[in-house]
Amino acid sequence: MRHSAKRVSLSFSRGTLVLEGLARRELPAALEPLGIWDARLPAWRGDAMHYDQVVQIAEQAGLPIEDGVPEWQTIHWPQVQLHTLREEQQQAVRNWTSQGKGYLVMPTGTGKTEVALTIMAQRMLSTLVVAPVRDLMYQWHRRILTGLGYDAGVIGDNVYRVCPISVTTYDSAYLHMDRLGNRFGLVVFDECHHLPGQQRRDAARMSAAPYRLGLTATPERSDNRHVDLTWLIGPLVYDLPLADVTGRSLARYEVVRIPVYLSDAEQARYNQLSDVVRRYMHARRRENPKYCWQDVCADTARTPEARAALKAYRARQAIEDRAREKLRVLEDLFRLHQGEPCLVFTGSNAMAREVSRRFLVPCLLSHCGKKERREVLEGLGTGRYPVLVANQVLDEGVDLPEVKVAVVIGGSSSTRQAKQRLGRILRRSGNLPARLYEIVCADTKDVQRSRRRRSSDAYTGAKTLRKEAPRC
Amino acid sequence: MLTRAEMLVYYDFAGGRVLPDRLTQPTHGHYRHYAARMLEIYHGGAGRTRQELHRAVAAVFAAETDCPQRRIAAFMKLLDDVSTYERDRRGRAVRLRQQVFRLAARHHPLVRHPDRLFESSEATIKARIASRLGRSWHEIDRDLFADVIEFHRLLRFDGYASPAALLSRYNVAQVQASLYDASRMTIWARDDFKTILRYAKLARLMHTITRLEDGRYRIRLDGPTSIMRQTRRYGVNMARFLPALIACRDWQMHALLQPRLGSRLLALELSSGDGLTSHLPPQDAFDSQVEQAFAQRWGDAPREGWTLMREDEILHRGQKTFLPDFVFQHEDGRRVLMEIVGFWTPEYLAAKLQTLREFADSPILLAVAASIAAPPSDLPPNTLFYKTALRWQDVLERLKEQPWSDGSDKSDGSDGSDGSDQPAHSTGR
């Protein structure tokens with residue numbers, strides 16, 4: 001063969017694979033769909049995620065290559081201390097192991113982390129764990145330390161400490177994977193519905209890891225991109241529906257909606273602001289019937305009227321969000337559930353601080369450092385603090401002490417957020433059902449948002465469950 | 001650099017162009033006045049919180065009908081960029097919160113109207129905590145979230161020299177931010193292409209170089225994955241590179257931008273004649289004094305037929321480039337390149353030799369400063385050592401005695417074959 005005499009090398013280059021030493025016409029045909037000829041080098045180049053396939057193709061073509069890609073290593077865990085897995089968790093591990101690539105759908109609170117740690121313990125390879133936010137990143141760090149005895153590296157939150165076992169966030173993974181992509185043989189994507197974002201998917205594409213594990217409670221995305229998980233991570237290998245576990249490993253829960261009314265002054269201002277928005281939209285729609293809210297945002301750069309409308313819209317939202325009445329209702333709920341730990345979710349940082357200052361209870365916001373977060377979370381668990389207020393940071397998977405009461409004040413209408421927030425209070429504890437209160441302004445947009453929230457299947461599940469299983 | 005949240009760009013989809021916001025229209029004359037007021041606010045703003053300063057800046061534009069929110073936000077960012085805020089490094093606010101929340105916990109919930117079951121009134125408990133900590137509640141309330149970024153207090157403002165300087169920085173910052181959406185950039189340059197290329201490499205961009213018939217170079221810049229898909233991944237690298245480009249002379253730039261996923265590509269065009277000013281210092285004409293001194297000694301006139309030209313040549317193969325310090329052009333058409341290595345370490349010299357080996361078939365004269373370190377044994381034959389100063393006589397001697405081949409077949413003309421993206425190779429095999 002002509003190419004057998006040449007030195008052919010495969011290397012990792014900034015998130016891609018580069019195959020050097022072959023002329024364009026000498027490339028195996030099977031490489032065609034995986035990459036492209038890069039005249040700038042010149043050499044063949046493809047996404048790093050195709051690494052194991054490229055190696056396989058080279059073998060099949062009888063092409064000896066110098067493989068400089070993998071820099072991952074075998075890991076000997078200092079001390080493995082994992083819980084015995086429940087049957088469904090064991091099944092998840094088996095299904096994934098038979099493929100080596102793929103994602104698991106398991107509801108919040110069913111021990112996804114334990115499953116991932118078991119897989120890591122068995123695989124014994126350099127591993128990178130990608131989490132959505134830094135709280136979760138640090139949580140993974142703690143779980144790896146207690147479960148596997150390994151002090152993992154941290155990439156993110158202004159830290160760049162790369163170790164054979166490391167934890168990071170999606171944003172940092174996007175930024176750094178072009179340098180790290182060949183250092184990990186296994187990548188764990190926690191809450192992996194975040195991965196298919198237009199930019200974030202680079203975290204998977206630029207990694208050469210032959211083993212990939214995705215974890216999520218809610219794979220579906222409103223933009224339908226979750227279908228891409230199949231090639232970014234691997235196929236769906238395990239799906240544990242919510243109904244299978246509720247009542248066994250999760251608590252039952254019910255949703256109570258409390259409408260509040262704006263004060264006269266708030267209502268007057270609210271109507272006035274609504275008028276500004278309505279008049280503006282009306283005028284625009286006469287010119288262009290399809291004019292929508294996105295257009296307003298685009299127009300703010302051009303017309304003072306659009307800016308006025310946007311300003312009015314935001315002011316109106318702030319009134320809904322921070323209505324005085326909501327604080328009064330919150331006081332009533334605190335009275336009602338005195339002695340029970342309680343979580344409060346707000347629609348904005350400002351509102352979270354307002355609740356915190358009014359009731360002198362801790363709030364978890366993005367400014368909180370790692371230590372304060374831990375102190376506050378532990379404090380809620382041990383009963384040192386009665387209440388914890390948060391905006392978005394607790395939205396996903398943060399390990400919380402058992403909480404049976406949660407209150408939502410305002411907040412976004414996305415289906416996922418509602419599910420995640422419900423997941424917070426779905427904790428195994430005795431027979432008492434958990435309770436989620438929603439404080440919503442009557443006669444405002446807030447009500448619409450609440451309706452949309454309730455239409456998500458998490459709530460549908462809640463309603464049917466309440467019918468089938470009478471409260472104890 | 002601005003973030004996307006402060007980026008203000010106009011998309012002209014009909015014309016296929018992107019127009020970053022720029023305050024140079026005659027209608028923007030009064031912005032100089034606004035800029036002056038913003039600088040006043042920050043110069044006199046020590047001790048005020050970021051939120052207060054931002055509100056004051058927003059108030060400057062209260063009556064302005066032509067000012068998008070993003071423009072105001074961009075000014076705030078540019079002002080904050082040269083400000084130092086008190087950051088509560090020792091965690092005083094964290095400790096205060098912990099104290100207050102712990103003290104309040106056993107009185108939970110603090111109610112407005114106490115009754116027999118719940119007797120902890122909000123006002124009473126707050127007063128009690130205040131006396132326990134020996135401060136007024138007003139003070140405690142003010143400091144409770146002092147570590148939140150909006151409540152940081154201004155320590156120092158190292159502002160802009162003048163209102164015009166702030167506006168000029170604004171104009172550059174918006175062009176820079178618009179490049180976050182860029183997927184590819186092309187630059188045409190003449191004298192400063194060496195500097196441009198060097199900064200492009202520092203910004204981790206890949207290049208495709210073509211020498212054009214008019215003597216200019218065309219440099220296309222993108223990143224590794226750009227050939228596989230439209231990606232904005234390298235837009236931030238291009239944005240970082242821009243101030244260096246603006247500091248150069250005689251260039252044109254064309255960038256392809258994709259404002260939204262799936263939207264059509266728009267063009268951003270810019271040139272050295274557009275009046276943008278960089279905050280970077282202008283490029284030094286010479287890298288080192290040795291070179292400068294040598295060029296002066298050689299002079300502008302030919303010596304025995306050899307004329308000295310500065311950085312007129314670039315050798316490149318793939319992503320490897322070699323930009324010699326000087327080119328000697330003989331009347332009969334011969335060209336010899338010269339590279340001067342002043343102060344060097346063994347590692348530096350080894351790397352330099354590695355590059356030279358890539359271009360071994362080009363006529364290169366290497367001038368190396370004598371050093372206490374022993375020179376490597378694998379120096380190319382056409383190496384010349386010099387002590388403190390490089391003498392023109394020694395160089396001329398070498399030029400005369402070496403049987404330099406005619407470099408014309410290796411000249412870096414355009415590839416001519418199909419005018420495609422194929423990089424031009426200055427050295428053939």
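Predicted model: local features only at pLDDT ≥ 70, side-chain atom pairs only at ≥ 80, totals over all residues.
Residues are numbered from 1 along each chain as its sequence is written, while chains are lettered from A and ligands numbered from 1 in the order in which they are written.

On confidence, the model scores ipTM 0.74 and pTM 0.77. A contact here means two residues with C-beta atoms, placed from the backbone, within 7 Å.

Stay with chain B and look at its overall form. Its radius of gyration, taken over C-alpha atoms, is 31 Å, whereas a compact globule of 429 residues would come in near 22 Å; that globule rule is 2.2 Å times the number of residues to the power 0.38. Along the principal axes, the C-alpha atoms of chain B fill a box of roughly 105 × 60 × 45 Å. Chain B holds 12 helices and 16 strands, counted as DSSP runs numbered from the N terminus (helices H or I, at least four residues; strands E, at least two). Of its 429 residues, 33% count as buried, that is, with 20 or more other C-beta atoms within 10 Å of their own, all placed from the backbone.

Helix 7 of chain B (residues 163–178) is worth a stop: its 16 residues reach 23 Å from first C-alpha to last, close to the 22 Å expected at 1.5 Å a residue, the expected span being 1.5 Å times one less than the number of residues. Its buried residues include B:Leu166, B:Leu167, B:Tyr170 and B:Ala173.

Now over to chain A, where five strands make an open sheet in the order 3-4-2-1-5, with mixed pairing. Strands 3 and 5 of chain A are the edges, each pairing on one side only; pairing takes at least two DSSP bridges. Strands 1 (9–13) and 2 (16–20) of chain A run antiparallel, joined by five bridges, and A:Leu10 stands opposite A:Leu19 in strand 2.

Finally, the two chains meet through 36 residues from chain A and 39 residues from chain B. Among the chain A elements giving two or more residues are strand 3, strand 4 and helix 11.

Notes. Buried ≥ 20, exposed ≤ 12 C-beta atoms within 10 Å, placed from the backbone.
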